Amino acid sequence: MKTLDIDLTPAQYHRTEELHLAIARKLGINPSDIGNTRVLRRSLDLRGQIRYHTLLEVYLNYEPLPEPVYKSPFKDCHNAPPVIIVGA
């Protein structure tokens, strides 16, 4: 896995083939060696030519993707004191 900071045109960002070509050019590898990509951060630059400033995780063909981690937005309340609602 490699982390890559790259500026992309809208065509490069939205078309997988062009995205892989841009990544391969930046990393100096063959586009067919790219397995999957994950966008970590993206911002749109509208000054002059429209560009996506993108932070990517690039997984090569031989690298397995990590399992997604699900983090619940709720706290564990199994041992919390009971709640009493007054005036409902």
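Ser 43 has His 53, in strand 3, as its bridge partner, where strands are DSSP runs of E with at least two residues and helices are DSSP runs of H or I with at least four, both numbered from the N terminus. This is a predicted model, in which local features need pLDDT of at least 70 and side-chain atom pairs count only at pLDDT 80 or more, while totals for chains, interfaces and linings use all residues. Residues are numbered from 1 along each chain as its sequence is written, and side-chain values use heavy atoms, with hydrogens and water left out.

**Strand pairing**
- Strand 2 (residues 34-45) pairs with strand 3 in the antiparallel sense over 10 bridges, pairing being defined by at least two DSSP bridges between two strands.
- Strand 1 (residues 2-8) is also an antiparallel partner of strand 3, over 7 bridges, and Thr 3 stands opposite Glu 57 of strand 3.
- In the hairpin of strand 2 and strand 3, with 5 residues between the strands, Gly 48 takes a positive phi near 70°.

**Burial and core**
- Of the 10 residues in strand 3 (residues 51-60), 8 are buried, that is, under 20% relative accessible area with a 1.4 Å probe and protein chains only, whereas exposed means over 50% and partly exposed lies in between.
- The largest nonpolar core has 12 residues, including Leu 4, Tyr 13, Tyr 52 and Leu 56; such a core is a set of buried Ala, Val, Leu, Ile, Met, Phe, Trp, Tyr and Cys residues joined through side-chain atoms within 4.5 Å.
- Helix 2 gives the largest share of this core, 4 residues.

**Arg 15**
- Arg 15 lies in the loop between helix 1 (10-14) and helix 2 (16-27), and counts as partly exposed because its relative accessibility is 45%.
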